[in-house]
Amino acid sequence: MRKQAAKKMPLAPDPRFNDKLVTRFVNNVMEQGKKSIAYRIFYDSIDRVSQITGDNGYEVWKKALANVTPSVEVRSRRIGGATFQIPSEVRPDRKISLCMKWLIRYAGERNGKSMAEKLANEIVAASKGEGAAFKKKEDTHRMAEANKAFSHFRI
């Protein structure tokens, strides 16, 4: 058993927006340790978002993250031989993690030439309350609502 929880490494803010949230997002975009490529993808997509919407791309990205962030999720719990889906609140750190992963995952599944283009389109859709990442959040909330009867089994 560990005597204490593992310490989290502090994140350095990104060079362009000076925001740690951007660095965290880029770390999720990154594949095979290629951080400079991940930064290029992110910054290109933010520039595309600015062109598409006419607004500040960074603000649109923040709004998209806020729209995709879940507040409840369901967790499986085995009780008396049956498995129940129990709704539970999402920790603040996990909320951010989930919304970023959903945005990136569903951007990758979109049609488009480059990842920057796909990510830009997903960000724009999420900021408007559309797109697959936003649908995932809605489905998660709907499932939690449907299983509200089992909330007394909460850990």
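How many of the 13 residues of H5 are buried? In this predicted model, the count is 10, so H5 is largely enclosed by the rest of the structure. The buried positions are Ala-116, Lys-118, Leu-119, Ala-120, Glu-122, Ile-123, Val-124, Ala-125, Ala-126 and Ser-127. Their cover includes H1, H2, H3, H4 and helix H6 (131-146). From its first C-alpha to its last, H5 reaches 18 Å, close to the 18 Å expected at 1.5 Å a residue. Just after H5, Gly-129 adopts a positive phi of about 85°.

Glu-117 also belongs to helix H5, which covers residues 115-127. Its relative accessibility is 26%, so Glu-117 counts as partly exposed; the cut-off for buried is under 20%. Beyond its neighbours within four places in sequence, Glu-117 contacts Arg-48 and Gly-112. The C-alpha atom of Glu-117 is separated by 9.5 Å from that of Ile-46, a residue 71 places away along the chain.

The largest nonpolar core holds 33 residues. Within this core, Phe-25, Phe-42, Trp-61, Leu-65, Val-68, Leu-103 and Ile-123 touch the most other members. Helix H1 (20-29), helix H2 (35-53), helix H3 (57-68), helix H4 (92-108) and H5 each supply at least two of the core residues. H4 gives the most, with 8 residues. Ile-123 is one of the buried residues of H5. Trp-61 touches Ile-123, and its other contacts are Asp-19, Leu-21, Val-22, Phe-25, Phe-42 and Ile-46, with residues up to four places away in sequence not counted.

The whole structure contains 8 aromatic pairs. In one of them, the rings of Phe-17 and Tyr-58 have centres 4.5 Å apart and planes at 15°, so this pair is stacked. Phe-17 lies in the segment before H1, whereas Tyr-58 lies in helix H3; the pair therefore ties together parts that are 41 residues apart in sequence. Phe-17 is partly exposed, with a relative accessible area of 22%. Tyr-58, at 12% relative accessibility, counts as buried. Both residues belong to one aromatic cluster, formed by Phe-17, Phe-25, Tyr-39, Phe-42, Tyr-43, Tyr-58 and Trp-61. Phe-25, Phe-42 and Trp-61 are cluster members that are also among the core residues touching the most other members.

Definitions and conventions:
Residues numbered from 1 in each chain as written. Predicted model: local features only at pLDDT ≥ 70, side-chain atom pairs only at ≥ 80, totals over all residues. Heavy atoms only, no water. Helix = DSSP H or I, 4+ residues; strand = E, 2+ residues; numbered from the N terminus. Buried < 20%, exposed > 50% of the residue type's maximum accessible area, 1.4 Å probe, protein only. Contact = heavy atoms within 4.5 Å. Core = buried A, V, L, I, M, F, W, Y, C linked by side-chain atoms within 4.5 Å. Expected span 1.5 Å × (residues − 1). Phe/Tyr/Trp six-rings, centres within 6.5 Å; stacked < 30°, edge-to-face > 60°.
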